[in-house]
Amino acid sequence: MKFDHVLLGLLSLHPRSGWDLKQWLAGEGQFVRSNAHPSQIYRLLKRMAEQGWVVYETDPRDGRPDAKVYRLTDAGRAELVREARSPYEPTSRFQDPDFMARFYFSAQLAPERLLPLVDTELAYRRRQVAVMRPRDRSLSLPEETPDTDVRRLRMIRELTHEYGTSAVDAWLDWLERVRRLLADGTIPTPGPTTDSTTSPTTSPTAAPEETPR
């Protein structure tokens, strides 16, 4: 999803000011969109208002500048639903922000798209792992390579591979669990525990490279 659709998705839940949007993105929204600068948020809000997707009311604040509180229009909701129902095409990087944004906002906008979304992502990652996991990972460098510690480089490559393997496997496990929950309608119990049977659906940390191991 483009960033303006992410903002529309947040406003579809309830009206927010630009500051409110920034605060959400800096906290829970880190898995949906990172490094959102306030100037970018306000610029997009202005453009979306010009397009008729949002309107705002001025909220007076004592001792502070008045705030503009934005809400979604019917046209904005229609645009958001159109985006939520558009085809999802996975990229080479697993845990792509586009997937997480679609997953988060499809729940209330296009719930019929949730299971196909997860199925598409799951099938794509399984194919990636099937191709990439058995690949030849040998380092084709002569032992005496100028300015290169070949032994250390091999070690770092193996550690990176080890981390990437565990990360993508955790992502696949999460997708499979989500699919089961969507299929049977079970709602996870929120809580601080990391136990897989009671924890909320959260995104594992992405691997430093784009290609699953």
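Biologist: Which residues line the largest cavity?

Modeller: This is a predicted model, in which local features need pLDDT of at least 70, side-chain atom pairs count only at pLDDT 80 or more, and totals for chains, interfaces and linings use all residues. Residues are numbered from 1 along each chain as its sequence is written, and side-chain values use heavy atoms, with hydrogens and water left out. A cavity is a set of points, on a 1 Å grid over the protein atoms alone, where a 1.4 Å probe fits but cannot get out, and lining residues have an atom within 4 Å of a point. The largest cavity is lined by Ala84, Ser86, Tyr88, Arg102, Ser106, Arg113 and Leu117.

Biologist: How many cavities of 30 Å³ or more are there in the whole structure, and what space lies in the largest?

Modeller: A volume here is the space filled by probe spheres set on the points, which are joined across faces, edges and corners. The search of the whole structure finds 1 cavity of 30 Å³ or more, and the space in the largest cavity is about 30 Å³.

Biologist: Is Leu159 in helix 7 buried, partly exposed or exposed?

Modeller: Helix 7 covers residues 150-184 and includes Leu159, helices being DSSP runs (H or I) of at least four residues, numbered from the N terminus. Buried means under 20% relative accessible area and exposed over 50%, with partly exposed in between (1.4 Å probe, protein chains only). Because its relative accessible area is 45%, Leu159 is partly exposed.

Biologist: What percentage of the 213 residues count as buried?

Modeller: By that cut-off of under 20%, the share of the protein's 213 residues that count as buried is 38%.

Note on methods
1 Å grid on protein atoms, 1.4 Å probe; cavity = no way out; pocket = protein on both sides within 12 Å on 5 of 7 lines; lining within 4 Å. Helix = DSSP H or I, 4+ residues; strand = E, 2+ residues; numbered from the N terminus.
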